[in-house]
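Reader: I would like to learn how to read side-chain packing and helix faces from a model. Please take me through one case.

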Amino acid sequence: MDAADDRIPLSNSVGKDDSIALRFKLTEGSSVVGFAIGCDQPAGCEGNVSVKLKTPEPCALFPSEPRCGIARTNPLSLDVLSATIVSTTEGERTIPLRIESGDGTEFTKAIAAAFTANGGEEVEVTIEKIAGTPDLTIEVKAEWKSKVDPNAAINELNTFLGTVRGLTYQEIGTATAGYRAFLMQYEQPLDHNNPMLGTFKQQFVLHHKDKAAPMVLYTSGYALFSYDEMSELGGAMGANQISTEQRWFGPSRPADLSAESWKHVNIEQAANDHHRIVEALEPFYSGKWVSTGHSKGGMTSIFHRRFFPQDVDATVAYVAPISFAYPDSRYHAFLDQIGTTECRTAIRAVQTKAFESIDTFVMMAQAEHGADATFVRSGGLASAIEKDILGLEWSFWQYRKASDCESFMAPPTDVAGLYELVATNAGVGAPDTAYEDDRFLAYQYQAATELGMQSYATSHVSTFLQHAGTQINQVPQGTMPAHTRAAMDDIQNWVKTEASQMIFLYGESDPWTGGAYEIGMQADVLKVTAPAAPHGAMISDLTSSDRDATLDKLEAWMGVRPLIGTVGPNPHVPMPWMR
């Protein structure tokens with residue numbers, strides 16, 4: 001229907017089931033649908049209209065990703081429709097519905113677009129399919145409640161944000177009811193030690209709930225893989241949340257990305273980026289602040305605290321390793337005892353069978369990648385596949401548990417099936433283009449200079465290795481980074497002797513736990529381990545005693561006890577940390 005036609009009146013669906021019937025199909029010939037939401041509260045309304053994709057399945061939107069829906073797929077995202085909301089109180093806002101996934105398996109496929117309205121006002125909503133996407137079936141719901149002053153809170157935030165020099169922003173959709181989400185760009189110095197050198201725009205997302213609520217400073221440590229991922233702490237505390245993208249990841253980079261500019265990518269510069277974001281937004285929010293992140297995001301939170309320990313009131317670093325070399329052989333001993341003996345032995349047997357068939361693997365991988373694919377960075381396709389087979393057990397334990405070992409306990413007997421098992425879990429020879437992805441390139445540079453990296457166990461397959469001395473050239477073209485462990489030595493020493501109000505959480509079966517931080521005797525530093533958990537370990541995965549100890553600390557530091565328990569499957573969607 002045309003948006004200008006008489007609109008369908010959408011009734012308040014709070015506590016009702018009838019809204020499930022409000023489904024619409026958007027096609028190229030009929031790509032727009034319109035609604036009217038009537039504010040029936042005399043004092044005004046505060047609410048949201050939610051739009052959820054019902055069909056097609058998300059993987060149908062990514063035909064170029066043959067392994068979509070299987071772990072180890074790169075992050076996927078696509079805007080499929082837009083929702084335009086018009087009200088006299090807020091004017092016109094257009095918010096995209098983005099289908100996105102961190103690992104190609106579990107997708108975010110809904111938005112809850114917030115609105116405010118005066119009593120008796122009619123809010124107009126227009127939903128339009130983006131040209132070129134397949135036919136879409138959507139489900140629409142609306143809910144609202146009375147608000148004494150429907151404009152005051154959001155207008156106060158907008159007024160404040162307008163005073164932050166160098167900040168630009170736009171509202172985006174969120175699937176988390178009760179929140180308003182804003183995609184922001186903040187002008188940051190290329191070099192905090194020499195601000196006259198120039199600037200870049202750092203991207204982050206603000207999920208706003210209430211200025212008096214706690215604030216979670218959250219990062220993946222990489223690009224913004226998701227515009228709408230709420231952290232475990234953010235949801236459990238009903239907190240506001242800032243989700244940051246790191247310098248030189250994604251669009252958070254200078255226009256002139258020269259070899260010289262990479263020298264400004266280090267942990268101290270990134271800590272200063274976070275410090276300036278805190279300085280910019282802290283005056284508005286009166287609640288306490290906690291920083292957090294998973295893996296490299298957890299590392300980033302630790303580094304920020306090292307340089308600016310007073311910026312936040314607490315830090316929870318999930319599965320954050322510290323490596324002292326490039327690569328670091330400390331992980332070998334941990335891999336030799338990881339998980340269960342049965343599963344570990346089965347995975348290593350598959351590695352052996354894969355090496356026995358590596359010549360066939362090379363031919364199959366060349367056909368899959370195509371004639372135009374090159375493998376110069378990895379020393380050739382055979383070298384690339386050798387490293388993927390070596391990394392097979394690491395990839396398994398990073399993302400899965402011993403209970404998921406069935407495909408290795410009874411592996412395929414044919415080479416094609418064996419190839420697919422390795423490809424699904426570890427890949428089969430990443431081409432050069434894989435190391436030029438701007439979502440990960442800055443990580444490779446950081447690993448080569450300061451962060452170090454993991455090392456795979458090789459003793460059980462050493463007789464098969466033909467390219468053991470070949471190291472993958474993963475760093476940006478034109479750079480020649482040299483690794484030094486000085487920065488990580490400083491961080492480890494600070495954690496052990498000076499850190500306070502910090503929690504380090506690890507997974508028992510996560511290979512990165514082989515590089516866990518060593519903590520000191522400080523009473524307000526806690527280290528806990530989730531039994532049998534991989535790299536997605538959460539507070540909810542801890543034993544009841546460790547969970548209570550963790551929540552007790554957070555309650556003492558934050559004044560709010562996070563509502564976290566063992567309630568069904570872990571809701572966290574693993575991101576492609578530490579590839």
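**Core and helix faces**

Author: This is a predicted model. Start with Ile491, which, leaving out residues up to four places away in sequence, touches Ile267, Ile302, Phe303, Arg306, Ile322 and Tyr517.

Reader: Which residues touch the most other members of the largest nonpolar core?

Author: The general idea: in soluble globular proteins, nonpolar side chains tend to be buried together. Here the largest nonpolar core has 77 residues, and those touching the most other members are Ile302, Phe408, Met488, Ile491, Phe504 and Tyr517. The helix that gives the most to this core is α12 (residues 441-451), with 7 residues. There is also a second, separate core of 34 residues, with Ile37, Cys39, Val49 and Trp144 among them.

Reader: Now helix faces. Which residues of α7 are buried?

Author: In general, an α-helix has 3.6 residues a turn, so residues three or four places apart point the same way. In α7, Ile358, Phe361 and Ala365 are buried. Their arc around the axis is only 45°, which puts them on the same side of α7. Asp359, Met363 and Ala367, on the other side of α7, are exposed.

Reader: What covers the buried residues of α7?

Author: The cover includes α6 (341-356), α8 (381-390) and α11 (415-425).

Reader: What span should helix α7 have, and what follows α7?

Author: At 1.5 Å a residue, the 12 residues of α7 (residues 358-369) should span 16 Å, which agrees with the 16 Å between its end C-alpha atoms. After α7 comes Gly370, with a positive phi near 95°.

Definitions and conventions. Residues numbered from 1 in each chain as written. Predicted model: local features only at pLDDT ≥ 70, side-chain atom pairs only at ≥ 80, totals over all residues. Heavy atoms only, no water. Helix = DSSP H or I, 4+ residues; strand = E, 2+ residues; numbered from the N terminus. Expected span 1.5 Å × (residues − 1). Buried < 20%, exposed > 50% of the residue type's maximum accessible area, 1.4 Å probe, protein only. Arc of directions from axis to C-beta. Contact = heavy atoms within 4.5 Å. Core = buried A, V, L, I, M, F, W, Y, C linked by side-chain atoms within 4.5 Å.
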